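Reader: I am new to this structure. Can you take me through it, feature by feature?

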Amino acid sequence: MDLAVWLLGALALVLGVRWALEHARARRVLQSLRQGAPVALPARVGGNWGEAAQRIAKLLRERDERLRESQARLEEFLVALENSPNGVVLLDENGRIEWCNQTAASHFGFDAARDRLQYIGNLVRDPVFAAYMASWNYTRDVVLATPVAGSAPRKLSVQAHPYAGSRRLILSRDVTAMEQAEAMRRDFVANVSHEIRTPLTVLAGFVETLQTLPLDADERSRYLAMMSQQAQRMQTLVNDLLTLSKLEGSPPPGMGDWLPVGTLLAQSEQEARSLSGVLSPGRPHEFLFHPVPAIDVSGSLSELQSAMSNLLSNAVRYTPGGGRIEVRWQPLDGGRAEFSVKDSGPGIAAEHIARLTERFYRVDRSRSRETGGTGLGLAIVKHVVQRHGAELKIDSAPGSGSTFAIVLPASRVRPAVSPGMSERPATESQPG
Ligand SMILES: Nc1ncnc2c1ncn2[C@@H]1O[C@H](COP(=O)(O)OP(=O)(O)O)[C@@H](O)[C@H]1O
Ligand SMILES: [Mg+2]
């Protein structure tokens with residue numbers, strides 16, 4: 001009996017000690033958990049509580065590791081978005097800016113840091129944008145015109161994409177240049193159609209006249225001559241258009257072909273003289289072709305000839321009969337060379353000069369049409385000049401004539417290899 005009591009007592013004591021020990025361990029573990037840091041978990045606590053503590057510490061370490069990894073991934077994503085050429089804005093459920101990249105900030109005029117958590121509707125006031133955002137229909141983009149201080153407004157293409165319920169991602173793209181190119185293309189097509197329609201209408205009228213009216217031989221041949229003139233006009237237009245498109249679509253001319261400037265000039269001179277005869281038969285122009293220097297130039301023969309012919313034919317077209325036209329090739333300092341055409345015509349007002357090389361830009365529309373101009377001549381010259389690394393200089397004022405000059409860079413000029421070929425005496429002709 002005594003033994004049984006003693007045994008029970010001993011058992012109770014052992015259990016009590018064990019319980020106290022476990023309790024103390026539990027307290028230590030709980031205490032360090034309350035302190036929060038998994039590293040603070042006692043490593044040397046034994047028993048179940050010790051094992052539990054170690055497992056918890058391991059789980060917490062793994063969780064922290066994963067957290068650090070996803071934080072790093074998030075940073076990488078944001079860096080990628082920051083470097084995107086498009087503007088990116090992330091909105092929360094209420095339409096407030098959670099994040100935006102620098103491009104979006106410059107597109108919309110945000111301050112990336114200060115405007116965080118601002119309602120985008122308060123910052124982008126454009127009613128088109130407000131209506132778009134409110135519609136929640138984002139299958140298409142909207143184009144906004146955003147003002148830019150001191151220049152034309154910028155065109156932004158903006159598209160929203162909902163994600164994660166009612167959050168939204170906004171992408172913005174600067175489409176100013178694209179819209180401009182598109183507008184230029186539309187203008188060009190409209191201009192070409194107009195230029196073709198005019199002679200076509202006249203031709204159709206003549207055809208109808210010939211079909212309906214009984215005409216004598218003289219009248220018939222007069223009508224046919226006028227028809228042929230209109231057909232010629234269309235032909236010239238198509239040729240100029242083809243020349244332009246060839247210039248735009250082909251690689252720039254190499255440096256290989258060297259030509260004496262006298263050879264280059266011969267054809268344009270002949271064309272100019274005969275054009276003068278056609279345009280003012282009674283009173284031809286007074287030409288002065290200066291002697292050509294002994295230099296060769298390199299480039300495309302046909303392109304350079306076409307540029308020179310255009311400048312010369314313009315001088316003939318816009319200078320009234322009897323006027324003076326002076327043509328010169330001359331070496332300049334630094335090894336460059338200049339081709340210039342100076343006329344005693346009406347001259348050009350300053351506001352037109354910068355626009356002369358635009359396609360179909362004409363100062364004197366009716367004079368251009370009457371004399372067979374297409375409005376493309378100086379656009380062709382500009383292309384040729386650019387392709388040869390040269391420069392087009394226009395010096396003109398109303399009442400004091402015009403000088404058009406092409407300056408070739410030194411790399412395209414050299415002393416003539418066969419001077420005999422390019423040396424030529426001055427030729428002068430007086431009005432008859
Ligand atoms: N030498 C010049 N004197 C006066 N005006 C000129 C001269 N050259 C060009 N222009 C003006 O520039 C316009 C554009 O010239 P261009 O591109 O050659 O087209 P066009 O076919 O009309 O001659 C002409 O319509 C004309 O009004
Ligand atoms: Mg012309």
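Predicted model: local features only at pLDDT ≥ 70, side-chain atom pairs only at ≥ 80, totals over all residues.

Reader: Let me begin with the overall layout. Into which domains is the protein chain divided?

Author: Domain bounds come from an automatic or database domain assignment. Here the assignment gives domain 1 (16-77), domain 2 (84-174), domain 3 (178-250) and domain 4 (251-429).

Reader: Take domain 3 and domain 4. How many residues of each are in contact?

Author: The size of an interface is often given as the accessible area lost when the parts come together. Here we count residues instead. Eleven residues of domain 3 touch twelve residues of domain 4. On the domain 3 side, α6 (176-212) and α7 (217-249) each give two or more residues. The most come from α7, with eight. By class, that side has four nonpolar, four polar and three charged residues. As for spacing, the C-alpha centres of domain 3 and domain 4 are 26 Å apart.

Reader: Now a helix. What span should α2 have, and what is the distance between its end C-alpha atoms?

Author: Count 1.5 Å a residue. Helix α2 (residues 47-82) has 36 residues, so it should span 52 Å. Its end C-alpha atoms are 52 Å apart, which agrees.

Reader: And α8?

Author: Use the same rule of 1.5 Å a residue. The 19 residues of α8 should span 27 Å, and the end C-alpha atoms are 27 Å apart, so the two values agree.

Reader: How many residues of α2 are buried?

Author: The number is three of 36, so α2 lies largely in the open. The three are Trp 49, Ala 53 and Ala 57. What covers them includes α1 (2-35).

Reader: Which residues of α8 are buried?

Author: They are Val 261, Gly 262, Leu 264, Leu 265, Ser 268, Ala 272 and Ser 276.

Reader: Next, the cores. What is the general idea?

Author: In soluble globular proteins, nonpolar side chains tend to be buried together. In this model the largest nonpolar core has 36 residues. Ala 307, Met 308, Leu 311 and Leu 312 have the most contacts inside it.

Reader: Which element gives the largest share of this core?

Author: That is α9, with eight residues. Elements that give two or more residues also include α8 (261-279), β9 (324-331), β10 (337-343) and α12.

Reader: What does Leu 311 contact, leaving aside its neighbours within four places in sequence?

Author: Its partners are Val 341, Val 381 and Phe 404. There is also a second, separate core of 15 residues. Among them are Val 89, Leu 91, Ala 104 and Phe 129.

Reader: On to ligand 1. How many residues surround it, and which are closest?

Author: The shell has 23 residues. The closest are Arg 362, Val 363, Ser 368, Gly 373 and Gly 377. Both α9 (301-318) and α12 (377-387) supply at least two residues of the shell. The largest share is from α9, with five residues. By class, the shell has ten nonpolar, nine polar and four charged residues.

Reader: Last, Ser 400. Is Ser 400 buried or exposed?

Author: Count the other C-beta atoms within 10 Å; 12 or fewer means exposed. Ser 400 has 12, so it is exposed. Ser 400 sits in the loop between β11 (391-396) and β12 (402-408). Its C-alpha atom is separated by 6.8 Å from that of Pro 346, a residue 54 residues apart along the chain.

Key
Residues numbered from 1 in each chain as written. Chains lettered and ligands numbered in written order. Near = placed C-beta within 6 Å. Helix = DSSP H or I, 4+ residues; strand = E, 2+ residues; numbered from the N terminus. Nonpolar A, V, L, I, M, F, W, Y, C, P; charged D, E, K, R; others polar. Buried ≥ 20, exposed ≤ 12 C-beta atoms within 10 Å, placed from the backbone. Contact = placed C-beta atoms within 7 Å. Expected span 1.5 Å × (residues − 1). Core = buried A, V, L, I, M, F, W, Y, C linked by C-beta atoms within 7 Å.
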